[in-house]
Amino acid sequence: MANDITVFSGSAHREFAEEMCQILGVDLSPSDTTRFSNDCLQVQLQANCRRRDVYIVQPLVPPAQENLFELLMMLDAARGASAAHITAVIPHFSYARSDKKDAPRISIGGRLVADMLHTAGATRVVTMALHSEQVHGFFSMPVDHLSAVWELARQFEDQDLSNAVVVSPDFGNAKVANQFARLLGVPVAAGSKRRLADDRVVIDTIVGDVTGKDVIVLDDEIATAGSMVELIIKVREIGVNSIAVVCTHGLFTGKAIERLGSLDGVDRILTTNTVPLAAEKRLPNMEVCTVAPLFAEAVRRINCGESVSSLFQ
């Protein structure tokens, strides 16, 4: 590792940044976020940034607006401190869901946030599993879009998958589900989904053969778990042998844990650590695999001028 790298962490997921730094062999540089009496934030980076390769780690998780603004201020502070390069490391970019104008007079939040990151001083972004591919094009700086499917697939290496099938909750995630299925060497199916509200969906049918199969449901994100619960109910109606739930971003907001905990027949819930998972949200059948080594390797390659895309070849 080059000696000109400096890593800071926002308040959202310090443990993730610490794990990255341990792998990289660098210290996590200190910073201080304070709040004035008028509720305004102030951020101070407490390590030298001048002519250094600066990385600021902050997933946009609840409270998303607080964490976003803290990240923007840290980027601005690094720019003001004459950093040579400033990379925003955003394991979960929650505004990727706001990717189109699907109702009158609404903001395309994903594009707006991408513009704000650029304005604040980010010269590069490293993120994972954007909700839709077009969000990548919202950024006016280079973006390294990482995928967790390789790491998630490794968690099934010691299992008998001869009767397994990967199921995507909808056709929008079918491309990633197909990639995951190829890594496991199993077929793929998808649900036909209609969204009625943020936490209400209807899944009319499953396209593909799941009858009597060991079903592995793959989604990019579980927030309220509305889509996931509907899909599990649907495949149970059809008749399956076992059910495992896999996602990259385990937000588990609202009644998600209550919903998932009340479901019978779910043998395994597997997620990554892009989002901090509080102890009260950990179910007995839940596992968390780390993707910090993947982010650390991406940072190392960026710092050394090596290809990041070759990580996935």
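1. Basis of the values. The model is predicted; local features need pLDDT of at least 70, side-chain atom pairs count only at pLDDT 80 or more, and totals for chains, interfaces and linings use all residues. Residues are numbered from 1 along each chain as its sequence is written, and side-chain values use heavy atoms, with hydrogens and water left out.

2. Domains. The protein chain is divided into domain 1 (5–146 + 292–311) and domain 2 (149–282), with bounds that come from an automatic or database domain assignment. The C-alpha centres of domain 1 and domain 2 lie 28 Å apart. Domain 1 gives 15 residues to the contact and domain 2 gives 10 residues, where contact means heavy atoms within 4.5 Å.

3. Area between the domains. The size of an interface is often given as the accessible area lost when the parts come together. Here the area buried between domain 1 and domain 2 is about 1,100 Å², of which carbon and sulfur atoms give 54%. Buried area is the accessible area (1.4 Å probe) that two parts lose on being put together, summed over both. On the side of domain 1, His13, His92 and Arg97 lose the most area to domain 2, together 39% of what that side buries.

4. Largest pocket. The largest pocket has a volume of about 1,400 Å³. A pocket is an open set of points, on a 1 Å grid over the protein atoms alone, with protein on both sides within 12 Å along at least five of seven lines; a cavity is a set of points where a 1.4 Å probe fits but cannot get out; lining residues have an atom within 4 Å of a point. Grid points are joined across faces, edges and corners, and a volume is the space filled by probe spheres set on the points. The largest pocket is lined by 50 residues, and Arg97, Leu130, His131, Ser132 and Asp220 lie nearest its centre.

5. Lining of the largest pocket. This lining draws at least three residues from each of domain 1 and domain 2. Among the elements that each supply at least two residues are helix H2 (64–80), strand S9 (188–197) and helix H6 (226–238). The largest share, 5 residues, comes from S11. Helices (H or I, at least four residues) and strands (E, at least two) are DSSP runs, numbered from the N terminus. The lining residues divide into 19 nonpolar, 15 polar and 16 charged; Ala, Val, Leu, Ile, Met, Phe, Trp, Tyr, Cys and Pro count as nonpolar, Asp, Glu, Lys and Arg as charged, and the others, Gly among them, as polar.

6. Cavity. The count comes to 1 cavity of 30 Å³ or more, and the largest cavity has a volume of about 50 Å³. Its lining includes His92, Arg97, Ala129, Leu130, His131, Asp220 and His249, and the lining residues divide into 5 nonpolar, 4 polar and 3 charged. Both domain 1 and domain 2 give residues to this lining, so the largest cavity lies between them.

7. Backbone geometry. Most residues other than glycine have a negative phi, and most peptide bonds are trans. The peptide bond from Pro62 to Pro63 is cis, with omega near -5 degrees, and Pro63 is found in the loop between strand S4 (53–57) and H2. Asp39 has a positive phi of about 80 degrees although it is not a glycine; Asp39 lies in the loop between S2 and strand S3 (41–45). Ala129, in the loop between strand S6 (124–128) and S7, has a positive phi near 50 degrees.

8. Accessibility. Buried means under 20% relative accessible area, exposed over 50%, and partly exposed in between (1.4 Å probe, protein chains only). Ala129 is buried because its relative accessible area is 17%, whereas Asp39, at 49%, is partly exposed. Ser29, in the loop between helix H1 (14–24) and strand S2 (31–35), is buried at 12%. Ser29 touches Thr6, Val7, Phe8 and Ala47, not counting residues up to four places away in sequence.

9. Two further residues. Lys255 lies in the loop between strand S12 (242–250) and helix H7 (256–261) and is exposed, with a relative accessible area of 55%. Lys255 and Ala223 are 32 residues apart in sequence and 9.1 Å apart in space, C-alpha to C-alpha. Phe69, in helix H2, counts as partly exposed at 43% relative accessibility.
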